[in-house]
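I set out to record what could be looked up in this structure, entry by entry. The entries follow in the order in which I made them.

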Amino acid sequence: MASAVVPKRQDTRKFFENLSGAGKSIAVLTSGGDAQGMNAAVRAVVRMGIYVGAKVYFIHEGYQGMVDGGDNIKEATWESVSSMLQVGGTVIGSARCKEFRTHEGRLKAAHNLVQRGITNLCVIGGDGSLTGANLFREEWSGLLDELLQQGLIDKEAARSNSELHIVGMVGSIDNDFCGTDMTIGTDSALHRIIEVVDAIMTTAQSHQRTFVLEVMGRHCGYLALVSALACGADWVFIPEMPPEDGWEDSMCQKLSENRADKKRLNIIIVAEGAIDSHNKAITPDYIKDLVVRCLGFDTRVTILGHVQRGGTPSAFDRILASRMGVEAVLALLEASASTPACVVSLVGNQAVRLPLMECVQMTQEVQKAMDEKKFEEAVRLRGRSFENNLTTYRLLSYRKADSELPNGEEEAGDEEQCDSSFNVAVLNVGAPAAGMNAAVRSAVRVGITEGHKMFAVNDGFEGFYKGQIKEIKWGDVGGWTGQGGSLLGTKRTLPGKHLEKIAEQMRIHNINALLVIGGFEAFESLLQLYEARADYEEFCIPMCMLPATISNNVPGTDLSIGADTSLNAIVETCDRIKQSASGTKRRVFIIETMGGYCGYLATVGGLAAGADTVYIYEEPFDIRDLQANVEHLTQKMKTSIQRGLVLRNENCNENFTTDFVYQLYTEEGRGVFDCRKNILGHMQQGGAPSPFDRNFGTKVAAKAIQWITRTLKDSYKGGRVFANSEDTACLLGMRRRALVFQPVAQLRDETDFVHRIPKEQWWLKLRPLMKILAKYKTSYDVSDSGQLEHVTRIRPKESNTSATI
C-alpha cells in the first residue's frame, strides 16, 4: 500500500487561488460526545472559510441548534475563534438531538439553513452524527419541495439552495471510526490516561499493589490497547480480543510470575466494553475479586471516567484538527452534485478523503462481526493501525521462561551457534530523546522472544569501544516505557575514529547484529560502519537504525521518536506564556525553540500553539519580511486580539537573533503592544515521553528486531553471519503511509550534511496552512490534498521492506 512518492513537477501543481468560496456559505457544527481538539477544527474551518471568501456560520448545540434556528446559527468572524485552540471540549456546544431523527425536525433544520443560504455543512462528530448528516443530504431535495409546497420558501430559494454538500471530521476519543488512523481527541484522551497511570504506578510501587483501571471506549478497545502498550501493563481486556476460556488462571499465573521477578506492582487495563468469549461482560470489580481470592494481592480499582474527555488538547490533536479543518473546506469547495458526502481523515501522515457511508458501513460491520464472535475479522476491519498495535502487544506480552531460552542453561560455544539464536546489540547515539527507553525495552523483549541473546551497550559508541557491553535480560527493562531520557546512556561520539577497537569488541562478544537508536549522529554512525565494511569483516552484519531525536531532522522518515513529546512541551509552555498576559495590555511573545537548523519544532509547534509568525532556516527571510510581520501584527492588535506569538528556530539566521527580533518588535510595536522574550531551552528535551512516542518507539523497535531476525537468517551461511549488501544497513522510517526500511547508503544523497537536515522535508507543506490560520495571504499548493479514495478491505500481504504503521 506504500505508494512511491513521485516528485511533483512545477507545472502540475494546483493552487487553491482558483478555488473561490465567494457567494458560498459554510456552517460548522459539533455533535455527539465532545472530544479535545474539536475547537481547533472549528477554528480552522472558520478561518479557512473566511480566507477563501465564503461566509461561515456557527451552529451552536449541534443538530438541536440547527432544528431550533434563531440565535443558534450565527455568522462567525475571524476574531470569534481567537484563543480557542487550547480549550478542550467544544466551545460551540454539542447536544444529542432526538428531534433531528424525525422527519419534522429535519424539515425545520432545512428551513433554517435555506433562510441563510447555507448549502455547505461541516460536521464534527462520531459515526452517529455523520450518518445523520448523510441522511439529511439524501432527503435535501425532498425537504426543499415540502418547504416550497408549504409556502415557507420561494422558487428562487429552492433553486439557489438545490444542492447540499457535506464533509465530516471524526471527533471521538474512542478512535472507533473505520478508515481513519486517528480521530480527533484520541491522542489527548491517551495523554489523560497515561498521566493517571504514571501517577498510580508510583503509589502502587510503594505498597506493592495491583491496580485495575477501567478506560473508556464503549465498543472499541483502542484506548485500552494503546495505553497498555504505552505503560507496559501486565494484562489488558478489550472487546475485540476476548480472553480464551480459563483466562483467570493464566492471568493470575502471569501476575504472580511478575511479582516473583522483583516487580512490585501490577497494572491491569480494562476497556469499558470488555467481554469474555461468551459475550459476558468482564468488569473491574470481577477482576479485583479474582486477584484477591487467588493471589491475596492488595488490589484497587480506578475508573477514569470523564477525565479522559477533558483537559486541553495535545499537540497532535491540534495539528490533526487544523489540517483536517482546512482539508474539509477544500473538499466543500471542490464538491459537486455527484460527489458523495466524504470524511476527511489521516492515514499514516497523509490527508485522505473517504466516502462517509463506506466508513460508516465498515464501522457497523465491526460491531456485527463482534456480535457474531468473529473476532479476528473485527480486528481486521478496525484497520491497520489497530492491527499493528495488537500484533505488537501480543509480541511483548508473551514471555518465555529463562529455561526455554536458547543458551539458557548450558552456554553454547560461539562455534556451535544455531541458526535461530544470535547475539544482538542495542545502543543509543546522539542527544537523549523521550521514547528511546520504550524502544530499547521493546527491542530487548522482542529479541528474547525471537530467540536472540540481547546485549546493551552503555554510552553509545564511546562505551562500545571501551567494552561497556553486557547481556540484558527480560526483567532488566521492566518499567522503562514511561522513563524520559536514555537509561542506557548516550553520547554523540561517532565510531569513525575507533573502528579498530569497536571491531575488536564485536569479536569478543560475537555480536551478530546491531540496532542503533538515535538522531542524526546515529545516521552518520551507521554510514561510517557501512563504509568500513570493506576493511572490517566484523561490520558485515545486519544493522538497523531507528530515528530518535526531538529535532526530527533525520533523512528517510517523516517522524522521529521524541519529537511529539518535545512538541507537547513547547505547546504547553506557549499556552502558559500566553495566559500569563491575560488581563494585561496587548502583548507579543518572542519564543526561541530548539532543533538545530531544522525548523520542524518551530513550525509544527507554531501551528499547534497558534503562532502569528515562525522564523526558520529552511525559509530564508530578510529585514523586509520582519517589517511586514510586525505591521501585520500591529494591524491585528488593533482589533479585539490581545496577544501575539512569534516562534524563532535557534539557528534560523545568525544575525537576526532572538534579541534582535525582540528589540525590533519592541521598537516597531511601541504604543500598540509590548514584548517579552523566552528561550525554551532544554525543557524541550526532558519529561516523560508522550503516549505517541512510547507507542511509536515500541512499534518501530519490534518491527526492526523482526527485520534483523529475517536478515540474520538470510545471511547465515557456513556457520557464520555475513551481510555486506547495502540493504543490510537500513534506517526504519515512516514515509507518508508506511514504515519502510531504507538503505542508509541510498539516503546519503537526500541529506544536507552541513546543516544536518534532509534536503526535502514534508512538513514545509504545513507552513502555508499556518500562515493562512494567522491571516496572511499566501499561496497554498493543494495538489497534495486528499483525493477521494475508497475504504480498502482486503489488503495484499505486506512485503518485507514496507509495512503500514
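**Entry 1: the model.** I noted at the outset that this is a predicted model.

Entry 2: I looked up the strand order and found an open sheet of seven strands, arranged 3-2-1-4-5-10-11. Its pairing is mixed. I then asked why one side of strand 3 and of strand 11 is left without a neighbour in the sheet. From one strand to the next, I recorded an average twist of 25°.

**Entry 3: strands 4 and 5.** I next took one pair from within that order. Strand 4 (residues 120-125) and strand 5 (residues 165-170) run parallel and are joined by six bridges. For N120, I found the bridge partner in strand 5 to be H165.

**Entry 4: the helix across the sheet.** Which strands does helix 10 lie across? I found that helix 10 (residues 315-334) lies across strand 1 (25-30), strand 4, strand 5, strand 10 (342-347) and strand 11. Relative to strand 10, helix 10 runs at about 140°.

**Entry 5: the largest cavity.** The search gave four cavities of 30 Å³ or more. The largest cavity holds about 500 Å³ of space. I counted 32 residues in its lining, and those nearest its centre are M182, F316, G348, L559 and F692. The elements that contribute two or more residues to this lining are helix 6 (186-207), helix 10, helix 13 (384-397), helix 18 (563-580), helix 19 (600-609) and helix 22 (691-714). Helix 22 gives the most, with six residues. Sorted by class, the lining of the largest cavity comprises 20 nonpolar, six polar and six charged residues.

**Entry 6: the second largest cavity.** I recorded a volume of about 60 Å³ for the second largest cavity. Among the residues that line it are M169, V170, L320, M324, V344, S345 and L346; T180, M182, T183 and I184 also belong to the lining. Strand 5, helix 10 and strand 10 each supply at least two of the lining residues. Which element gives the most to this lining? I found that strand 10 does, with three residues. By class, the lining of the second largest cavity has eight nonpolar and three polar residues, and no charged ones. I noted that M182 lines this cavity and is also one of the residues nearest the centre of the largest cavity.

**Entry 7: K280.** I located K280 in the loop between strand 8 (266-271) and helix 9 (284-295). Residues up to four places away in sequence aside, K280 touches A274 and I275. K280 and P242 are 38 residues apart along the chain, and I recorded 9.7 Å between their C-alpha atoms.

**Entry 8: S715.** I found S715 in the loop between helix 22 and strand 22 (716-717). Is S715 buried or exposed? Its relative accessible area is 6%, and the limit for buried is under 20%, so S715 is buried. Beyond its neighbours within four places in sequence, S715 is in contact with P542, R720, V721, F722 and A723. From S715 to C540 I recorded 9.6 Å, C-alpha to C-alpha, across a sequence separation of 175 residues.

Methods:
Residues numbered from 1 in each chain as written. Predicted model: local features only at pLDDT ≥ 70, side-chain atom pairs only at ≥ 80, totals over all residues. Heavy atoms only, no water. Pairing = 2+ DSSP bridges. Helix = DSSP H or I, 4+ residues; strand = E, 2+ residues; numbered from the N terminus. Axes fitted to C-alpha atoms, helices over the stretch in contact; angles between N-to-C directions. Contact = heavy atoms within 4.5 Å. 1 Å grid on protein atoms, 1.4 Å probe; cavity = no way out; pocket = protein on both sides within 12 Å on 5 of 7 lines; lining within 4 Å. Points joined across faces, edges and corners; volume = space filled by probe spheres on them. Nonpolar A, V, L, I, M, F, W, Y, C, P; charged D, E, K, R; others polar. Buried < 20%, exposed > 50% of the residue type's maximum accessible area, 1.4 Å probe, protein only.
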